[in-house]
Every structure is written in structure tokens, then in C-alpha cells.
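Hi everyone, thanks for coming. Today I would like to walk you through a structure, slowly and one piece at a time.

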Amino acid sequence: MIAIVGAGPAGLAAAMTAAQGGEEIVVIDSAPRPGGQYWRHLNQVEGYKSGRSEKYFEALRERKNVIHISGAQIWSAVPGENSITLNYLADGIESSITVQKIILATGAHDRAIPFTGWERPGVMTPGAAQALLKGHNVMAGQQILITGTGPFLLPVAVGLAAAGADVVGIVEAHSPLRWLMSPVALALNPQKALELLYYIRKIAKYKLKIRFNQAVVAFDGKSATIAKVSKDLTTKKIVSKVHCDVVAAGWGFSPDVTLGGILGCKQIVDLDGTVIFAVDNHQRSSQPNIWIAGEATGIGGADLALIEGRIAGLSALGLGISLRLRFQRYRLQKFARALQVSYPVGNGWQGWLRSESKVCRCEEVSLGEICSSVTELSANDARTSKLFTRAGMGMCQGRICSRNVSEIIGVQTQCQVTDQERIAYSNRPIAAPISLGALTDGIK
Amino acid sequence: MSNSASQKISFTFNGVAHEGVRGQSIAAALMESGVRELRQTRFGNEPRLIFCGIGVCFDCVVVVNEVANQRACLVEIAPGDQIRSSK
């Protein structure tokens, strides 16, 4: 039996491919419905190629050799001799399943960067605004300002505007001219130009105002302060204030590497500092019988995730990978690399904060407290600072703040954050919170 | 999708009656009816709403039928739910 963890594009592509080979497949996903963060289906939202998911959902529903366990949070994984046991929590009950092979497709979440007032109600990630609309048919607010960096801001803005939201602007920190640094990636991916054209037309249709080289650096609950920023995000000058009740701010993505980390799959640090898994050209991890596909092997978007999922599914069946599939992956990987080059997240954001601005949202730890842990208490890495300040010790277990805390300590101590530290803060020994009651009640 | 709009669900939040649609998360249903504060923080008593919206940040935790630390962005509303803010 093959277990596939995650029912987003990568997981669903892996499931459909592996199921076609006749294997018994179990897809385990934490959401109540399949699709991951990319495909959500309470209602249809306007977006480029938004109707691609149906054949994957159908395979999940109709194929007799595919079981879908939804609403299940895997909290631990234990490798056996020729098997792997996944322990999960569903409907308050702890269960486990033992399989021969697993394909991890655990996806990613928006990377968040603090600014003054980012803890106020109304500040959220673009993913949150999109999830509210796509998954729940709810508009995040009356006047929505979208900010951050990267092409994901466009579908979020267009989706919201098409559904009737008042999108008061898109504030992109970088210039589109940065794409000129990646001519090979552009030449290899002409289909991406069509996607861009689609969004340019929609931006014109909904009369969306887009600003480049600017960022939201503060929010007071009623309006957002917008500054012109340099390419490392340092504020050059404040340019305007925009009235809004929602600021949706997203700075690329952080993959979920927890489960593969627990299973000992080798991790590496990508060019932009993101911790990802090292996989070979069959999507095999460093551990036997574990494949990894999608964002956890490098942020690349749904198109790349679909190809990687297919490759992982074929490889798990013991089949070869065609040249055509390898080329499709190669050119999309080139494109993913160009995304990193075009939309870097430098450390200039640290200057947007006041001393009392919160950096760790869970434990309410301010920039000032983190800096004093360095200057007063001689903390020289994120872990030591965490022990002094509790930054990263709250319920999210540092998923939101640990990378930012680490970058702050790096700037304060004038030391580069090491790969070892990046891998350390990206991993946690337990993948999801579980109560001792659920562990000890003997129901399994 | 099409017929779900008719399936109204009643629940309470901090003692006040609210309505939502089947399949909606607690956070979505409350935001739809104009709620802008799901809880206050432990130390600074600051209001919090949703942040990541997909179950990662735990900023939106509420008490659902006396079970604490439930993520309002993930847990779907059920008829008769009694939901309150946690600290």
C-alpha cells in the first residue's frame, strides 16, 4: 500500500498516477475536502485554468483502489523495517496506518513578514483572504489592500475583485523588470506569458491599481502606510496612506517539512533561504520508500507540483520517467528559480518595525525584546534568543515567526544565518498538537 | 455549492446568536456577520482575528463546546455550537 500525505495538486497527481498502476492507495489529508490550498470548492472563483481539478477529484472519489482519509492530522511517523507507520488524529480519535511506501506532498503556507500593526484584526495573508472566499464564500473585508511580493498576489486580487470585493490596490515590492534577469526561464516557459496576459487583462477589467517597488510598512486599523522600498525592502520614503480594513500581505511561501524531517529525509537550504527536501530525479528522498513532491521540494507553484506528483507516483510504482516529463519538470524548475531571483525578500523589513512591534504573534514578543536578548543577554542564535524571550514557543511552534526571528538575530549579531540553523528552526519533533488524553485513551 | 446556500446553521458566539452556512468555518461564519475579534491575547489583551486562515498560525483559536484551542479557520460550524473566545 502507498500512502500519499496531502491532497493538493502534487498529492492528487501522485494518487491518480499510482492508482492507474493498480496499487492500493490511501490519501491522508488534514482538510475536510480535497484540493489543498490551491483548489477549494465551496464556490467557483475566477482565475487562470481554475477548472483543472475535476479529473483528480474524480479519481479520488471513483477509483476502488483509492481511500481518502480527510480531516486527519498526522502528528507522528515511525519507520519500521520494511514499512512506515503514520499516526494521525481525526475527529478527536488517534489512529494509525502502516504502509510500505509514502509520497509526501505536504504543501506550503504563505510566508509572513511583520510590520507595525500586523497583529491587528484585518491583517492576514493573501492565502487567508483567498481561502475565505474560495472555501467559505466570505469576503475578508470591505476594502482590501494586497501587498507583498510575487505573482501569487495577482490571482488573489483578481479572484477577490471578480467576486465583488473592493480591492483598493496591489502593492508589489519589486519591479517586473527583474524578470529580464531570467531570459532562459522565460524562453522555456512561453505558457507563462499567456497566464500573465490573462491577469493583465483582468487587472484592466477590474481597474485594479498596481504599484511596484512599494510595500505596506504599517497599518493602524483604518489605513495602511505605503512606502517606496529598495530591493532589499529598506524604506526609502513614505509615499501614501490608503484607507482599508484588510491588508493581505504575502512574501512567498514556506513549505511544510515537518513530517519528512521526522522521518529523517535529507533537507537542504534553497537559494532564498527556504528549507526544502533533497530529492533525486525520481522525486525519491534520501530515505528508502519515501518520495516527496510539490512545494516541499522547492516552491514552484501548482504546475510544477502536478508534474512532480506524477513523477513520484510513477516512480513509486517502479516505472521509468519519460524524457518529456523530465523536460516539463526542468523548465518549470527553471521558472521557479527565476521567481526567487525576481522576488527576493531582503532584510530591510526589520526597519519597518518599532521597538514595541510584535514579531512573535503567539507569545507577543516584540522586536525590542528580541534585540535585548542579543545586546543584554548575549544570545547569538535564534534558539538561545527563544529560550530568553519565548519567541517561537507558542502554539504555532514558530511556523510564522522563527525564520523572521532568526533573520533579526543575524542582523543584530552581524552574522549570516547558517544552513544548520535554518534546518533546525524548520523542524519540530511532533507534527501537530495532540492532547495526552487522545494518546492515552486506548481508542485506536 | 448551489444548494448549500439554503442550509443555514444557528450557533452562538460569546452568548450571541449567529447564523452561518453548512461547510463554513467558524471564522468565516463570524466574519460574514461582521465579527472582527475572535479572542484577546493573554498578555496585551489585544484583539485578534484570523491571520494565516489555513490552520498554521493558531491565532484564531476559540473554545468550541468547551473544547479549548480549536482553530476557528478550520473547524466547520455545526448546529447548536456554543463558541466562546479563549485567552
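I will start with some ground rules, then go through a few helices, and finish with some single residues in strands.

This is a predicted model, where local features need pLDDT of at least 70, side-chain atom pairs count only at pLDDT 80 or more, and totals for chains, interfaces and linings use all residues. Residues are numbered from 1 along each chain as its sequence is written, chains are lettered from A and ligands numbered from 1 in the order in which they are written, and side-chain values use heavy atoms, with hydrogens and water left out.

Let's begin with helix α1 of chain A, residues 9-20. Helices here are DSSP runs of H or I with at least four residues, strands are runs of E with at least two, and both are numbered from the N terminus. α1(A) has 12 residues and reaches 17 Å from its first C-alpha to its last, close to the 16 Å expected at 1.5 Å a residue. That expected span is 1.5 Å times one less than the number of residues.

Is α1(A) mostly covered or mostly uncovered? It is mostly covered, with 11 of its 12 residues buried. Buried means under 20% relative accessible area, exposed means over 50%, and partly exposed is in between, using a 1.4 Å probe and protein chains only. The cover includes β1, β2, α2, β3, β7 and α8 of chain A. Just after α1(A), Gly22(A) takes a positive phi of about 90 degrees.

Now, how do we talk about a helix pair? Two packed helices are described by the angle between their axes and the distance between the axes. Axes are lines fitted to C-alpha atoms, for helices over the stretch in contact, and angles run from 0 to 180 degrees between N-to-C directions. The axes of α1(A) and α2(A) come within 9 Å and cross at roughly 55 degrees. That makes α1(A) oblique to α2(A); angles under 35 degrees count as roughly parallel, over 145 as roughly antiparallel, 65 to 115 as roughly perpendicular, and the rest as oblique.

A second pair is α8(A) and α9(A), whose axes come within 9 Å and cross at roughly 145 degrees. Residues of α8(A) including Leu304(A) and Ile307(A) meet residues of α9(A) including Leu325(A) and Leu332(A).

Just after α12(A), Gln414(A) takes a positive phi of about 55 degrees.

Now for the single residues. Asn87(A) lies in strand β5 of chain A and is buried, with a relative accessible area of 8%. Which side chain does the side chain of Asn87(A) make a polar contact with? The partner is Ser76(A), at 2.8 Å. A polar contact is a pair of N or O atoms within 3.5 Å; within protein, one must be able to donate a hydrogen and the other to accept it, and residues adjacent in sequence count only if both atoms are side-chain atoms.

Ser240(A), in strand β15 of chain A, has a side-chain polar contact of 3.3 Å with Arg211(A).

Finally, in chain B, His18(B) sits in strand β2 and is buried, at 13% relative accessible area. A polar contact of 3.1 Å joins its side chain to that of Ser33(B).

Methods: Contact = heavy atoms within 4.5 Å.
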